[in-house]
Amino acid sequence: MPAGSAPLCLRPRGVVRGAVLTLVFAGVLATGAATGALPREDGAGREPRTGAGDRAVFDRAALHRVAAEAVADGKSGKQAAEEFVSRSGDRWGAVYDRREYAEFEQSLDGAYTGVGLSAAATSAEDGVEVTRVRSGGPAERAGVRVGDRLLAVDGRATDARSVSEAVSLLRGDGVPGSTVSLRVRRGGMTWTQTLRRERLATDPVTVSRPDERTVVIRIAAFTRGVGAKVREAVRTAPAGAGVLLDLRGNSGGLVDEAASAASAFLDGGLVATYDVEGEQRALYAERGGDTGRPLVALVDAGTMSAAELLTGALQDRGRAVTVGSRTFGKGSVQMPSALPDGSVAELTVGHYRTPAGHEVDGRGIAPDLPAAEGAEERARSVLSGLGGGS
């Protein structure tokens, strides 16, 4: 990886370039997005991304040897890599075949083929749990709800599969119009539902102006182009208006997009430091951001990965007041590695820190003003006190 290149923060397991796969993320975008954490993907030699992870740094050379030996023996290099990763202690390591990784790449552009739901692991007996349902998507139209349990996908039980395997089944061949059968449990009811996959586009940035002195910018994930959208929203905001930056439920994404978003509010300077296999690197904001406009960042336990990187930069540098609850704590760096059979392994290679040197992984970021209930109202009140908002 070239010196100075930025890591990824994905969801799920996350996306740093974090979740949220939104795999995350504590969850996984059942349609192919990532993690930081949202989706992320790359080929060998490309930038790493950050995600939630364990403290161990993965031995990539050993993994390549195992996969190469399997291929030489006429066996599956991907399967050998999966078994190696499962024994490694790398909680957020994952292995994808070519098609899965291509779908993941598309998710970084804010588009994917799927049924419009995210899922997280539960106990082995309960399969996987639906954590998000996309408005207007196939899953919502079929009546799937947050909290439902997916017991089987196309007749294949999920209790013996990882979340990533279940998500792969949900994505299928990635062809719009193909169908997938879900065995769903809700309370005491169990039924089978057939859904038709669709090509879905995401809109990760939404901007609203509830009054002349308040601009609300909500970022759902850091896919490509998000930083430019945030900068444009700030540039076109009314003079004197404050910004409420809503990062709740943000599963992560591309680290350089998070840095680009930070550039909307900072005049250059450090955004984060990170290590890749022991080599220390730094990520900086661009010059020329709006440093005077009142700014409040709203966070919660669903704020992950690249979103935590942005939160830490704004908090440590005194640029924003943070309101809400402690963030997820996903601060490890994953890097993709191409294997001999064309599959790709995403492995933990290091961790990132905020400008003040605070580690995020496993700890999260505590907001300046805790607010478990009524967090948005509290944030609006704080913004008004800073000179923005009504």
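Which residue takes a positive phi just after α3? Gly110 does, with a phi of about 85°. The legends below describe a predicted model, in which local features need pLDDT of at least 70, side-chain atom pairs count only at pLDDT 80 or more, and totals for chains, interfaces and linings use all residues. Residues are numbered from 1 along each chain as its sequence is written, and side-chain values use heavy atoms, with hydrogens and water left out.

**View 1. Helix α3 (residues 98-108) and its ends.** Helices are DSSP runs of H or I with at least four residues, strands are runs of E with at least two, and both are numbered from the N terminus. Asp97 caps the N-terminal end of α3, with a side-chain oxygen 3.1 Å from the backbone nitrogen of Arg99.

**View 2. Packing of helix α1 (residues 60-72) and helix α2 (residues 77-88).** Two packed helices are described by the angle between their axes and the distance between the axes. For α1 and α2 the angle is about 145° and the axes are 8 Å apart. Axes are lines fitted to C-alpha atoms over the stretch in contact, and angles run from 0 to 180 degrees between N-to-C directions. The crossing is right-handed, that is, the near helix is turned clockwise from the far one by less than a right angle. Ala62, Leu63, Val66, Ala67, Ala70 and Val71 of α1 are in contact (heavy atoms within 4.5 Å) with Gly77, Ala80, Ala81, Phe84 and Val85 of α2. By class, this contact has 10 nonpolar, one polar and no charged residues; Ala, Val, Leu, Ile, Met, Phe, Trp, Tyr, Cys and Pro count as nonpolar, Asp, Glu, Lys and Arg as charged, and the others, Gly among them, as polar.

**View 3. Packing of helix α7 (residues 255-262) and helix α8 (residues 306-316).** The axes of α7 and α8 lie 9 Å apart at an angle of about 30°, so the two helices are roughly parallel (angles under 35 degrees). Their crossing is right-handed. Val255, Ala258, Ala261 and Ala262 in α7 meet Ala306, Leu309 and Leu310 in α8. The contact has seven nonpolar, no polar and no charged residues.

View 4. Arg293 counts as buried because its relative accessibility is 11%. A polar atom of the Arg293 side chain lies 2.8 Å from the backbone oxygen of Pro238. Not counting residues up to four places away in sequence, Arg293 touches Val234, Ala237, Pro238, Gly240, Ala241, Gly242, Val243 and Arg319.

Key: Parallel < 35°, antiparallel > 145°, perpendicular 65-115°, else oblique. Buried < 20%, exposed > 50% of the residue type's maximum accessible area, 1.4 Å probe, protein only. Polar contact = N/O pair within 3.5 Å; in protein donor to acceptor, adjacent residues only side chain to side chain.
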